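Subject: A structure to look through

Hello,

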Amino acid sequence: MKKIKLIFILTTVFAFISCKQEKKTQEGPTQMEQVMAIHDEVMPKMGKLGKMVGELKSKVDTTEMGQKYQVAMKDLQEANMAMMDWMRNFGDRFDSEEILDGKELTEQKQIWLDEEEVKVKALRDQINQSLEKAEALLKEE
């Protein structure tokens, strides 16, 4: 009888553990992982952004077209600054364990993560739009 109880208890424990692990893998990426994925998506574009600033800078003058180059260059510079600001502020709010290891967030930090998700999506749009605008303008030449 003791063996049957022991087997039943162990089976129940293993079933509980395996269900808990299975649930974790089915949930998909966490919100933190999604935020970092957006960052990782746009970060490689920063080099291109800097290169395009250089290309546009040499074309800026007082003509109408030169002023368009000026506006596009300014948009790229603002997108670059927005990325740097976002990364600095994000790093001030969250530690590496929360970002990389999935450490559980406090209630306040969860609120911040919700805010950061909105910000990083807007940042992605800002970077992509400024690059598209600059590329289109440079193709007009």
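The largest pocket in this predicted model has a volume of about 440 Å³. Of the 19 residues that line the largest pocket, T30, M32, E33, G102 and K103 are the closest to its centre. Helices α2, α5 and α6 each contribute at least two residues to that lining, and the largest share, four residues, belongs to α2. Sorted by class, the lining of the largest pocket consists of seven nonpolar, five polar and seven charged residues.

As for the chain as a whole, the secondary structure amounts to six helices and zero strands. Of the 141 residues in the chain, 27% are buried, while the chain exposes about 9900 Å², of which carbon and sulfur atoms supply 58%. If you take the contacts between residues at least 6 apart in sequence, you will find that 74% of them join residues at least 24 apart.

Which helices do the buried residues of α4 pack against? They pack against α2 (31–42), α3 (45–57), α5 (96–100) and α6 (107–139), and the buried residues of α4 are G66, Y69, A72, M73, L76, A79, M83, W86 and F90.

Best wishes

Terms used: Residues are numbered from 1 along each chain as its sequence is written. This is a predicted model: local features need pLDDT of at least 70, side-chain atom pairs count only at pLDDT 80 or more; totals for chains, interfaces and linings use all residues. Side-chain values use heavy atoms; hydrogens and water are left out. Buried means under 20% relative accessible area, exposed over 50%, partly exposed in between (1.4 Å probe, protein chains only). Contact means heavy atoms within 4.5 Å. On a 1 Å grid over the protein atoms alone, a cavity is a set of points where a 1.4 Å probe fits but cannot get out, and a pocket is an open set with protein on both sides within 12 Å along at least five of seven lines; lining residues have an atom within 4 Å of a point. Grid points are joined across faces, edges and corners, and a volume is the space filled by probe spheres set on the points. Ala, Val, Leu, Ile, Met, Phe, Trp, Tyr, Cys and Pro count as nonpolar, Asp, Glu, Lys and Arg as charged, and the others, Gly among them, as polar. Accessible areas come from the Shrake-Rupley method with a 1.4 Å probe; for residues, only the protein chains shown count as cover.
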